[in-house]
Amino acid sequence: MKQRSPDQRSTWVPAGHSAAGVDSTAGRHACEVALGSGGESRPSPESAEGAPDSRPPPPGRVLTEGQRKPVRKAHSLIDKVYRWENLYTAWRRVRRNKGAHGLDRVTIRHFEADWETHLREIQRKLMQQRYLSQPVRRVYIPKASNPKQRRPLGIPTVADRIVGQALLQILDPLFDAHLSERSFGFRKGRKAHHAIATVIRDAKEGYRHVVDADIASFFDRIDHQVVMSPVRARIADGRVLDLIEAFLKAGVYEQGAVHVPTEGTPQGGVISPWLSNLVLDELDKALESRGLRHVRYADDFVVLTRTREEAQEALAFTKEVLGKLKLSLHETKTRLTDFNEGFEFLGYRFRRSRLGIRSQSLDRFKNRIRSLTRRQQGRNVVAVIADLNAVLRGWSGYFGVAEVSDVFTKLDRWIRMRVRAFRFQRRCKNDNWRLRNKRLANWGLLSLQQCRPSYRLSLVKAQTRESGPRPLVMRNPRGVAQCSNAAC
């Protein structure tokens, strides 16, 4: 199929036309550049030739200076939401993501037993405008930064997850092309590695001072009017807007009672990350209008500057913009730092010219391995290794792009020790020759070194006798060991 250029892509859907076919890939080329191409964006004709563009403007209404181009709204979207193909795709994605049951105690397995009947019922209620979202079930999980503290989650029902996913599949293509290029969280075709690569690229260009920002209780304090404002700016279908507001105002069941929140959106919902991107896109555009470089993944972001004075100004400006969004920064977690002092972002540790793993991330991984290899469990070693491999693939696939060869070698040795201790129900050095590495490999045990991705993201100061010191570069070493398993 012939690809359209970004200028030819439609960013709105008129009444009676489908919204499902809107291309959502615009603006994602910057991620590919960050991962290794190193290229810059093409200059405009004015900057390239030294003269303004002489091409005539496109036909239409001429806007005077100070006027903003009107935004065309999308109409008649509800029929695309409850279309059978869209609902079926949403159900398949919800089933793939698994998850716990909601307030109605209907699990994925129970829903799957008669999925077509349940899906037809959801479709019928949406067509008749009778669908009502149910309260979410409140649970608490340990926080990643401090396991002693707990983070509240709201688990929707399976039916609400399907409707939310169906909404997201139709609405996301209408908004994604207009979001900032420096937003990487919960967007199709983007991931955390792209955000890390962008930080490395900015550091290479001299942006070494960092505003390590943390928004205080973002999902709990987000204002509903602030959330709905960018949605209403592009969506004119009242039935779709009512569905989104219903998810925002869904009750929370906790300790035998249901209370309706006046602010915030439940963490755990399907559309909550998408709504957070819409709200914080205002922050992205404000920072870009001031010429500041930042990298954001959901509600976690850093601002990079050349000097400490610029970092102080960026911090003050960030507080001002968040105040307009009725949000604020965490006073104790937000700080000014640089690459020499070091900072943490998305589980990685940046310090001087090295990219490593944050200590809390390493501790959580080891606790997970201890839980899987505890000796008092009624399973054989093959079943334990199968569960271990799933964890090893995911963790190595995420952190394996950093400079972690020595760390992974030590962890692989420690993991093999844990498997031997589980097999013999003891911990003894003599078990190394009783159960050799080759036999563990024959049983299917993978290693972190095997499952590392082929590309690398690192901060390196390379020195040669001829050229002397060199700036920060990104490298992609050869001869990287690859996992033979296709799932890695």
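Let's start with Glu181, which is partly exposed at a relative accessible area of 30%. Keep in mind that this is a predicted model. The side chain of Glu181 meets that of Arg190 in a salt bridge, with 2.8 Å from N to O. Arg190, for its part, is buried, because its relative accessible area is 8% and the cut-off for buried is under 20%.

**Salt bridges**

How many salt bridges does a search of the whole structure find? The count comes to 18. Here are three of them, with the N to O distance for each pair.

| Pair | N to O distance |
|---|---|
| Glu181 and Arg190 | 2.8 Å |
| Arg293 and Asp202 | 3.0 Å |
| Asp237 and Arg239 | 3.5 Å |

Take the pair Arg293 and Asp202: these two belong to distant parts of the chain, 91 residues apart. Arg293 sits in strand 6 (residues 293-297), while Asp202 belongs to helix 8 (residues 192-204). Asp202 is buried, at 0% relative accessibility, and Arg293 is partly exposed at 22%.

In the bridge between Asp237 and Arg239, Asp237 is the buried partner, with a relative accessible area of 6%. Arg239 counts as partly exposed, at 36%. Some salt bridges share partners, and in that way Arg182, Asp202, Glu205 and Arg293 are joined into one network.

**The nonpolar cores**

Now for the inside. The largest nonpolar core has 67 residues, and Ile162, Leu171, Ile235, Ile244 and Leu275 have the most contacts inside it. Helix 7 (residues 158-176) gives this core its largest share, 11 residues. What does Ile244 touch, once its neighbours within four places in sequence are left aside? The contacts are Leu167, Leu171, Met228, Val231, Ile271 and Leu275. There's also a second, separate core of 47 residues, and Ile196, Val295, Leu304 and Phe345 are among its members.

Most residues other than glycine have a negative phi. You'll find Gln255 in the loop between strand 4 (252-254) and strand 5 (257-259). Is Gln255 buried or exposed? Gln255 is exposed, because its relative accessible area of 79% passes the cut-off of over 50%.

Lys326 has a positive phi too, near 65 degrees, and is likewise a residue other than glycine. Lys326 lies in the loop that runs between helix 13 (308-324) and strand 8 (335-338). With 44% relative accessibility, Lys326 counts as partly exposed.

Key. Residues numbered from 1 in each chain as written. Predicted model: local features only at pLDDT ≥ 70, side-chain atom pairs only at ≥ 80, totals over all residues. Heavy atoms only, no water. Core = buried A, V, L, I, M, F, W, Y, C linked by side-chain atoms within 4.5 Å. Buried < 20%, exposed > 50% of the residue type's maximum accessible area, 1.4 Å probe, protein only. Helix = DSSP H or I, 4+ residues; strand = E, 2+ residues; numbered from the N terminus. Contact = heavy atoms within 4.5 Å. Salt bridge = Lys/Arg side-chain N within 4 Å of Asp/Glu carboxyl O.
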